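Visitor: Could you give me a close look at the charged side chains in this model, and at the sheet that goes with them? Please spell out the cut-offs as you go.

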Amino acid sequence: MTNGSLNSAIERSNFLARLLSRREDEALREQLEAFEAETAYDNLEDLGIATDAWRKIKQLEIDPKLVFAHPKVLAELPQTSLYYRGISLLSRKMVAKHAGSVERWENEPAKATVTSEKAKKVAHLYNVCVSSILAGSSDWTLGDGLRNIVATIGISADGTARNLIGQKAEEEIYQRLLKWVRENELIAEASNEATGLHCLKDGITMHFGSEPDISFIRGKVVEATIEIKGGRDPAGALERLGAVQKSFAATPTQCKNFLVAGVVTEEMKKRLGELRVEKTFLLDKILNEDVAWEDFAAEIFHYALRIQ
């Protein structure tokens with residue numbers, strides 16, 4: 001394991017530990033237990049609750065609102081979507097596909113707009129899924145459901161951690177490139193830091209954005225791009241490559257596209273040949289080896305852009 005990949009593993013572990021230590025599952029359960037407004041579960045079918053699942057919860061003497069979502073609860077406490085989504089083992093992506101996005105409900109509940117219709121739709125989805133889980137288990141307990149919530153939080157946090165690692169890699173490359181063009185006196189005039197635009201010599205604009213992460217534009221023509229994928233987990237390599245393909249496919253035919261990757265697997269090597277990738281650089285190598293960085297910079301500015 002390289003120093004870069006080890007550092008990423010440490011950062012990811014610390015991030016997940018900090019997030020899970022918040023005990024969001026317990027806080028949400030306490031909010032539900034304290035919720036005093038009337039929540040009538042009169043029409044189980046409309047709520048998506050299977051009769052057998054309802055009967056099981058009543059036999060276990062569990063407060064129904066700790067298992068089955070109610071539209072009124074979601075409307076008044078949108079943050080509890082995370083609790084019900086977790087107990088149902090659903091991803092945000094799956095919920096968005098079948099009932100609508102709940103991202104703001106869970107992340108910014110104070111700003112969330114929860115309509116009665118959407119609350120009913122989301123609650124129905126959660127209840128159908130948790131009813132299915134209950135039907136498939138003869139010895140289900142509320143403890144099992146709470147473990148599902150922690151697992152769901154962990155899975156979501158893992159995705160967030162991967163994104164943060166990628167963002168950090170982008171920022172490192174951005175800062176190194178800025179430093180390099182300044183040291184080599186390639187800045188032509190004052191740059192607009194707010195928009196990520198930097199005017200270089202020979203009429204070239206260096207733009208920090210997304211898809212691609214960095215573009216070099218002469219006039220109105222995109223002459224070169226850099227896509228940065230800092231994730232070092234081989235398991236997600238092909239998914240990241242798919243994003244690279246989408247980004248490069250949108251560039252002009254004559255554009256020279258470069259990839260900076262946290263890891264390059266054997267399967268990636270095979271597929272890179274099918275993409276419009278001029279050259280691939282390893283993130284750790286160019287950030288930690290001066291010669292490798294100079295080769296990278298020369299490839300971009302001297303050979304691809306031929307900047308004077």
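**Charged pairs and the sheet**

Guide: Let's start with R218 and E223, which are joined by a salt bridge whose closest N and O atoms are 2.8 Å apart. By salt bridge I mean a side-chain nitrogen of Lys or Arg within 4 Å of a carboxyl oxygen of Asp or Glu. Before we go on, this is a predicted model, so local features need pLDDT of at least 70 and side-chain atom pairs count only at pLDDT 80 or more, while totals for chains, interfaces and linings use all residues. Residues are numbered from 1 along each chain as its sequence is written, and side-chain values use heavy atoms, with hydrogens and water left out.

Back to the pair: R218 has a relative accessible area of 25% and E223 has 23%. Both therefore count as partly exposed, the class between buried (under 20% relative accessible area) and exposed (over 50%), worked out with a 1.4 Å probe on protein chains only.

In total, the structure holds 16 salt bridges. Another one links E108 to R104, at 3.4 Å from N to O. E108 is partly exposed at 32% relative accessibility, and R104 is partly exposed too, at 44%.

Then there's R271 with E267, where the closest N and O atoms are 3.1 Å apart. These two sit four residues apart in helix α12, so about one helical turn separates them. R271 comes out partly exposed at 37%, and E267 likewise at 31%. Elsewhere, salt bridges with shared partners tie R85, R92 and E106 into one network.

E170 is a contrasting case. You'll find E170 in helix α10 (residues 142–183); helices here are DSSP runs of H or I with at least four residues, strands are runs of E with at least two, and both are numbered from the N terminus. E170 is buried yet has no salt bridge, and the nearest side chain of opposite charge, K229, is 5.8 Å away. For charge, Lys and Arg count as positive and Asp and Glu as negative, with His and the chain ends not counted. Setting aside neighbours within four places in sequence, E170 is in contact (heavy atoms within 4.5 Å) with D213 and I228.

Now for the sheet. Six strands make an open sheet, ordered β1-β2-β3-β4-β5-β6, with mixed pairing. The edges are β1 (197–199) and β6, each pairing on one side only; a pair needs at least two bridges found by DSSP. From one strand to the next, the twist averages 15°.

Helices cover this sheet as well. Helix α11 (residues 237–249) lies across β4 (221–229) and β5, at about 170° to β4. Helix α14 (residues 290–304) packs on the sheet, touching β2 (204–208), β3 (214–218), β4, β5 and β6, and its direction makes about 175° with that of β5. Those angles lie between N-to-C directions and run from 0 to 180 degrees, using lines fitted to C-alpha atoms, for helices over the stretch in contact.

Across them, L259 stands opposite T280 and A261 stands opposite L282. That brings us back to α12 (residues 266–272), which forms a right-handed β-α-β unit with β5 and β6. Right-handed means that, with the strands pointing away from you, the path from the first strand over the helix to the second runs clockwise.
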